[in-house]
Structure formats: C-alpha cells, structure tokens
Amino acid sequence: MTATAAPDDKPVVILDTTLGPITIELDRAKAPITVDNFLKYVDDGFYTNLIFHRVMPDFMIQGGGMTDQLDEKPTRDPIKNESNNGLSNTRGTIAMARTNNPNSATAQFFINLFDANSRLDHAGGGYTVFGKVTSGMDTVDAIAKVRTGFKNGPGVNNVHGDVPLKPIYIKSAKRKAKS
C-alpha cells in the first residue's frame, strides 16, 4: 500500500461460482461511484444464486442480474458512468453492463476475456472498468467455454441468446477480510 492510498481503495471481492472462485480487486480511486455501488450489492447478498446469463467466448462473461429462469432481479437506481477513469476493458478486468444510455448501469457486470475489448473504453460513453481479476481467471475461462444457446425468459418475445445451457451460479459474492 502506498502512502497516499487509503486502506479501502482496493477492496477485494470473492465471487464463489459453481465452476470455482473468482477474486476481484476493485479500484475505488479510479471508479468510486461504481465500486461503492457494486459493494452495496455485494454486502446486501444481492448476487447470491444469480447466474452468468450471457457468455460470449470471443468477448466476455456477464452476470449479476438474472435468476436461472432469466427473471431480472430488481435493482437500485442507475449510476453515473465513470468510463473516463483511465482504466481499460482488457483481459481480466471487470466492468459494468448497461443499456445504450451510458448512465444506466445498475447491478450487472461483465469480465473481459480479451484485450481487444478496449474498444469499449470511449470516454464518457464507454463501459466503466472498476477492477480486475487477481485470481480465478481459470474459472472465468472455464465459464467462457460452456455450451450456450437461446432460452426464453418471462413474458412475451423475451428470448435471450448466449445463455449457458447448464446454469453457472454465483453461489455468493463476499468481501475478502483484510489480512
């Protein structure tokens, strides 16, 4: 820890998934709004038993918002986009998922599989990177290799693509205790 870094500038979260753990170091100094938002969901147990609902092996794995029936879990209000923070969408980074509105991110996140994803960085209108995987990229890569297909969600005309045929659950998401 540097003399200028606060003890909580790099909180660590462990996602325990059905394919193994993923340890993520968050960067509060670069993405304070996003990190605080994510940690509220973690501390509330929001991510427990949700799935990785979108897996694209040439792009990313996405989770944090849907049940295995593709019901979207209710979230807090959207947060401000912090994509101009100097962090890039490269392999192993975690970023917020959002709609076409740059300021629409809530709880869903994705983990980048390739450095080529830096095209998602466009300042002010990009996808906010707020941390990186420090352990468990083997788990991320295993999730990226699962068979996917289409699955119907609730409601009419609600078909989702790139959904794992066998659900990959987030069993829990917890802050790692400081050592």
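Which strand does P164 lie in? Select P164: the residue lies in strand β9 (residues 159–164). Helices (H or I, at least four residues) and strands (E, at least two) are DSSP runs, numbered from the N terminus.

This is a predicted model: local features need pLDDT of at least 70, side-chain atom pairs count only at pLDDT 80 or more, and totals for chains, interfaces and linings use all residues. Residues are numbered from 1 along each chain as its sequence is written, and side-chain values use heavy atoms, with hydrogens and water left out.

**Stop 1: around P164**

Stay on P164. It is buried, with a relative accessible area of 6%. Buried means under 20% relative accessible area, exposed over 50%, and partly exposed in between (1.4 Å probe, protein chains only). Now show its contacts (heavy atoms within 4.5 Å). Leaving aside neighbours within four places in sequence, P164 touches F52, H53, R54, V55, V146, R147 and T148.

**Stop 2: the barrel**

Switch to cartoon. A closed barrel of 8 strands runs β1-β2-β7-β5-β6-β4-β3-β10, with antiparallel pairing. The twist averages 35° from one strand to the next. Two strands pair if DSSP finds at least two bridges between them.

Select β1 (12–17). A hairpin joins β1 to β2 through 2 residues. These two strands pair in the antiparallel sense over 6 bridges.

Move on to β2 (residues 20–26) and β7 (residues 129–135): 4 bridges join them, and they run antiparallel. Pick I24; its bridge partner in β7 is V133.

**Stop 3: two helices**

Select α2 (residues 137–144). This helix packs on the sheet, touching β1, β2, β3 (50–56), β4 (60–63), β6 and β7. Its direction makes about 120° with that of β2. Next select α1 (residues 32–43). α1 lies across β1, β2, β5 (93–96), β6 (109–112), β7 and β10 (169–175), and runs at about 115° to β10. Axes are lines fitted to C-alpha atoms, for helices over the stretch in contact, and angles run from 0 to 180 degrees between N-to-C directions.

**Stop 4: the cores**

Show side chains. A nonpolar core is a set of buried Ala, Val, Leu, Ile, Met, Phe, Trp, Tyr and Cys residues joined through side-chain atoms within 4.5 Å. The largest has 34 residues; I22, F38, Y47, I61, F109 and F130 have the most contacts inside it. Its largest share, 5 residues, comes from α1. A second, separate core of 8 residues includes F59, M60, A97 and L120.

**Stop 5: the rings**

Rings of Phe, Tyr and Trp (its six-membered ring) pair if their centres lie within 6.5 Å; planes under 30 degrees apart count as stacked, over 60 as edge-to-face and the rest as tilted. The structure holds 10 aromatic pairs. Select F110 and Y127: this pair is edge-to-face, 5.9 Å centre to centre, with 70° between the planes. F110 lies in β6 and Y127 in the loop between β6 and β7, so the pair ties together parts 17 residues apart in sequence. F110 counts as buried at 4% relative accessibility, while Y127 counts as partly exposed at 23%.

The charged end of R98 sits over the ring of Y127, 4.0 Å from its centre. The test: NZ of Lys or CZ of Arg within 6 Å of the ring centre and within 35 degrees of the ring normal.
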